[in-house]
Amino acid sequence: MGADALLLARIQFALTAGTHFMFVALTLGLATLVALMQTRATVSGSAVHARMVRFWGQLYVINYAVGIVTGLVMEFQFGLNWAGMSRMTGGVFGVPLAMETIVAFFVESTFLGLWIFGWDRLNRWLHLGLIWVVTLTAYLSAYFILVANGWLQRPVGFEMVDGAARLTDAAALLTNPTAVLAFFHVLFGGFLTAGFFMAGVSGYHLLRRTAEVEFFRRSMRVGLLTVVLSVMPVVIFGGVQFAYVQPTKLGGESAAAEVARFTARFGPDEYMAPGLAGAGEALMMTMWSLMMLVAAVALVKLPFGGWLVRGRVFHVLMIVSVPLPYVAMVSGWVFREVGRQPWVVYGLLKTRDALSDVGSGTVVASFAAFTVLFGVLFVVNAWLLVRFARRGPEGAGLGASPPAEQAPVLSGTL
Amino acid sequence: MESVAVVLLAVFSAGYLVLAGADIGVGMLLPWLGRDQRERRLVIASFAPFFLGNEVWLVASAGLVAGAFPGLEHLLLEELYPLVVVLLIGWVVRDMGLWLRGRVDAVAWRGLCDAAIAAGSWALALAWGSVLGSVVFGGGLNAGSVLGLPLAAVFAWHGAGFARWRLPVELAARAGRVPARYGVSGAVLAVLPVAAGLRLPWSEVVTVGGGLAVTAVTTVAVLPFLLGSQALVWWTFRGRVDSPSYL
């Protein structure tokens, strides 16, 4: 396997994981907001909230579809392209992956199917319970994935026997600070993504003066509130992680000592993190500063409901702010993952040694196929999200007919 | 603990082939079971509420392999690389056809999605036949990779058996032209992974250390809840479909 195959396999993983991560970020936040809105709709029986659940739920489901298929491919890509990793560290790294699929994803996906297709068919309290299970298992899923990722950043709770890692301390693995802190960082990042998304879509409709003023005034409020509540926790949970960041990622005196230690043990190599990692960090912080400014504007607007409907500049600001959390999420991820290079498991296994032993022709063919496929997927789903977002509440396909004023009407058609 | 994990993997992989095998089979037969787009939407509705809950059995099987038998990833994925790539692409194409079909109201769009569902289902079934054949014949790409291809017919047969009791009576009659029984084809599909599993060197691929126990014990502990959630889906959508679904 040459350097080309290594590069292609890395880019393929980055494209899969990067696409997955962008859609997952919105999923995590939007599931929460939909669950909260459905709770309000179920308890109060109000029609506007039931319509909000249907509209935002529709966007959530469109978004979820890409998250799920990219996630499926990613799970198999470990074994396809990075067999060296399962050979040496599979005994530890595989455990959180197993937990994620069996404890979290299995339930999440089964109940999501029931939520989508059981609309107007199930008891409304049961239907509400389903979206909460879906939301909580989505959190659990994110947690286990970050346990796996956190272990790559900072391997703990294992011993090496005959060149293979064995799990010796499951508690250390599950409470690894690089996993737990990253989980909360990503979770609040997801809230931020969904908050900006909701505020941006609402801003579009309020700017266009569509008929749904009340609907989007309430949605704007939910979105802004989410932004204001998440913008500080996300930076706090990001900041405290610096205590555990690898020395080679940050530079300085301890980095030189670490490089000397690695060189003595593994031979000379480029042990300092590539420059791209630092660029990712800078871009992430810039995005956060911009989001902080928008959040300050939101804080001024929030106490006065009528203000949310007015102000064309404000509406345009919210529309153009939708990409900010996405750029922050992806560049933060670049900082974290590229910054770990040349290691796949820090201080244990180098990325190039983890590559599968398959012909480069095969890697090139699969790279081309998946890149085209995911490119089409990304474009089609982004287009659908925009299309359904612009159409407004009347265009939502989830559920049957618009709900009646009082009790929801049971209708067989979906 | 190793045998517990092997039994769990047999349960999850058989669960996948029996449950998802039916919706893959119906997808393969889509052009024949539904003559126009309205009929095809009903055919899709027959398995729509189940397909999400069906494919999780495969995801969980892959999770079990990662947690308990990391050595298998080399035998099943790395050595069968081209087959797995076809399998994954078929899976993604099919699922996107399903997810996207109902989202745009245009004849050409629905036609494209129907084609994606049928072609993806065929690719999946053929890839599974080939993967199972390769493993039964000793692993790696071998004669079994080709000899296993006809196993795809079992998926179509199973799909016909499923369509017989899920589709509206007049459409079900089309599926009934082949002598198909869900129970019989399901039993065949359940035996396939067990037969393939007898060929695998379990003690060589099992994980060492605490990972095995953590994975096996957790899985056993949550299994009743997983089965309960699946039972709730099947109970909710029992009986024949009479109207289109969200897809």
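Helices (H or I, at least four residues) and strands (E, at least two) are DSSP runs, numbered from the N terminus. The structure is a predicted model, in which local features need pLDDT of at least 70 and side-chain atom pairs count only at pLDDT 80 or more, while totals for chains, interfaces and linings use all residues. Residues are numbered from 1 along each chain as its sequence is written, and chains are lettered from A, with ligands numbered from 1, in the order in which they are written.

Start by selecting residues 182-200 of chain B, a span that is 84% helix and 0% strand, with end C-alpha atoms 28 Å apart. Then select residues 112-137 of chain B, where the chain is 96% helix and 0% strand and the end C-alpha atoms lie 37 Å apart. Both spans are among those listed by UniProt, in an unreviewed entry, as "transmembrane region" in chain B; such annotations may be inferred rather than shown by experiment.

Next, show both chains: 57 residues of chain A are in contact with 52 residues of chain B, contact meaning that the C-beta atoms, placed from the backbone, lie within 7 Å. On the chain A side, helix H2 (47-81), helix H3 (83-117), strand E2 (164-167) and helix H15 (360-391) each supply at least two residues, and H3(A) gives the most, with 26 residues.

Now go to helix H4 (residues 70-78) of chain B, which is largely enclosed by the rest of the structure, because eight of its nine residues are buried; a residue is buried if 20 or more other C-beta atoms lie within 10 Å of its own. Among the buried residues of H4(B) are B:Pro70, B:Gly71 and B:Leu72, and what covers the buried residues includes H2 and H3 of chain A as well as helix H3 (37-68), helix H5 (81-101) and helix H11 (202-205) of chain B.

Select B:Val214 next, a residue of helix H12 (residues 211-236) of chain B. B:Val214 counts as buried, with 21 C-beta neighbours inside 10 Å, and it touches A:Val95, A:Leu167 and A:Ala170, leaving aside residues up to four places away in sequence. The C-alpha atoms of B:Val214 and B:Ala68 are separated by 8.9 Å, although the two residues are 146 apart along the chain.

Finish in chain A with H2(A) and helix H7 (residues 213-239), whose axes, lines fitted to C-alpha atoms over the stretch in contact, are 10 Å apart at an angle of about 70 degrees. This contact is made by A:Val48, A:Arg51 and A:Met52 of H2(A) and A:Glu214, A:Phe215, A:Arg218 and A:Ser219 of H7(A).

Key: Two residues are in contact if their C-beta atoms, placed from the backbone, lie within 7 Å. Axes are lines fitted to C-alpha atoms, for helices over the stretch in contact, and angles run from 0 to 180 degrees between N-to-C directions. A residue is buried if 20 or more other C-beta atoms lie within 10 Å of its own, exposed if 12 or fewer, and partly exposed in between; C-beta atoms are placed from the backbone.
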